[in-house]
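Please look over the model below before reading the notes.

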Amino acid sequence: MMTSVDTDLIRVLADPLRLRIVTLLARETLCTTHLVEETGARQTNLSNHMKVLREAGVVETEPCGRYTYYRLKPDVLASLAGQFAELAESARAAAENKRACP
């Protein structure tokens, strides 16, 4: 049973703006302009966050004319959720285990 979680991905998602972006993309595919409108972030700041999300494999891009659309990759989040589920199951199974103090 696995009891570790992808800490790099957690760091990526721990940023409040990136988590907001992921939440928005969970509902629909959006372009940069939409994300700027929805988050209130500056375009350059948003682009930096999108680069981090792309490099982490959380989102993929789709060019459309002069716009770039972003789509969430649900399998990445499902994998992370599975890791947490396995961690929770391990904790349930070990609830009665107590190491004796020396």
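The numbered points below go from the overall fold to the details.

1. This is a predicted model, in which local features need pLDDT of at least 70, side-chain atom pairs count only at pLDDT 80 or more, and totals for chains, interfaces and linings use all residues. Residues are numbered from 1 along each chain as its sequence is written, and side-chain values use heavy atoms, with hydrogens and water left out.

2. The protein has five helices and three strands (DSSP runs, numbered from the N terminus: helices are H or I of at least four residues, strands E of at least two). Along the sequence the pattern reads α-α-β-α-α-β-β-α.

3. The C-alpha atoms fill a box of roughly 65 × 25 × 20 Å along the principal axes.

4. The three strands make an open antiparallel sheet in the order S1-S3-S2 (strands pair if DSSP finds at least two bridges between them). S1 (30-31) and S2 (59-64) are at the edges with a single partner strand each, so one side of each lacks a neighbour in the sheet.

5. S2 and S3 (residues 67-72) run antiparallel and are joined by six bridges. In this pairing, Glu 62 is opposite Tyr 69 of S3.

6. Helix H1 (residues 7-14) packs against helix H5 (residues 74-93) at about 115 degrees, with the axes 11 Å apart (axes are lines fitted to C-alpha atoms, for helices over the stretch in contact; angles run from 0 to 180 degrees between N-to-C directions). Leu 9, Ile 10 and Leu 13 of H1 meet Val 76, Leu 77, Leu 80 and Phe 84 of H5 (contact means heavy atoms within 4.5 Å).
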